[in-house]
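Dear colleague,

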Amino acid sequence: MDKYAALKTYFGHDTFREGQEPLVNALLSGRDVLGIMPTGAGKSVCYQLPALLLEGVTLVISPLISLMKDQVSALVQNGIPAAYLNSSLSAGQQAEVLRRAGQGAYRLIYVAPERLLTERFLAFAQATPIALVTVDEAHCISQWG
């Protein structure tokens with residue numbers, strides 16, 4: 001599937017919004033990207049679409065638990081396997097997400113910054129092909145440097 005077919009199939013759009021396609025192209029070609037877009041401009045599609053087309057899992061670092069839940073719910077509703085790891089999950093639920101992720105069950109995993117350095121997550125990250133790492137809502141996580 002190419003980027004246009006994926007855009008239509010999973011997100012229901014025939015064309016990219018202004019600024020999206022250059023970011024998607026850069027990510028698909030393996031380049032680092034900094035995308036600064038206003039709320040509602042469609043920045044999530046800029047990393048979600050490449051996540052569908054690249055081999056491996058995409059990690060989305062986000063400090064906003066409610067946004068994480070909403071994003072994952074919308075992705076799953078659109079047929080995109082996704083999960084999240086944050087403090088709203090019990091230790092058992094987090095272990096299950098990582099177990100399933102290690103088996104390739106998800107294309108995207110949203111992760112709260114404080115979960116990144118846990119032993120369990122580091123073991124997962126070392127053993128799993130990671131296609132992309134993105135920081136969403138970067139202005140909220142400056143304290144993690």
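Phe121 and Phe124 both belong to helix H6, 3 residues apart, or about one turn of the helix; helices (H or I, at least four residues) are DSSP runs, numbered from the N terminus. The model is predicted, so local features need pLDDT of at least 70 and side-chain atom pairs count only at pLDDT 80 or more, while totals for chains, interfaces and linings use all residues. Residues are numbered from 1 along each chain as its sequence is written, and side-chain values use heavy atoms, with hydrogens and water left out.

Phe121 counts as buried at 4% relative accessibility, and Phe124 is buried at a relative accessible area of 6% (buried means under 20%, exposed over 50%, partly exposed in between; 1.4 Å probe, protein chains only).

The structure holds 2 aromatic pairs (ring centres of Phe, Tyr and Trp, the last by its six-membered ring, within 6.5 Å; planes under 30 degrees apart are stacked, over 60 edge-to-face, the rest tilted). Tyr4 and Phe16 form an edge-to-face pair, at 5.9 Å centre to centre and 65 degrees between the planes. This pair links distant parts of the chain, with Tyr4 in helix H1 and Phe16 in the loop between H1 and helix H2, 12 residues apart. Tyr4 is partly exposed at 41%, whereas Phe16 is buried at 13%. Phe121 and Phe124 form a tilted pair, at 5.6 Å and 50 degrees.

In the contact (heavy atoms within 4.5 Å) of H5 with H6, Ala91, Ala95, Leu98, Ala101 and Gly102 in H5 meet Arg120, Phe121 and Phe124 in H6.

Terms used
Helices (H or I, at least four residues) and strands (E, at least two) are DSSP runs, numbered from the N terminus.
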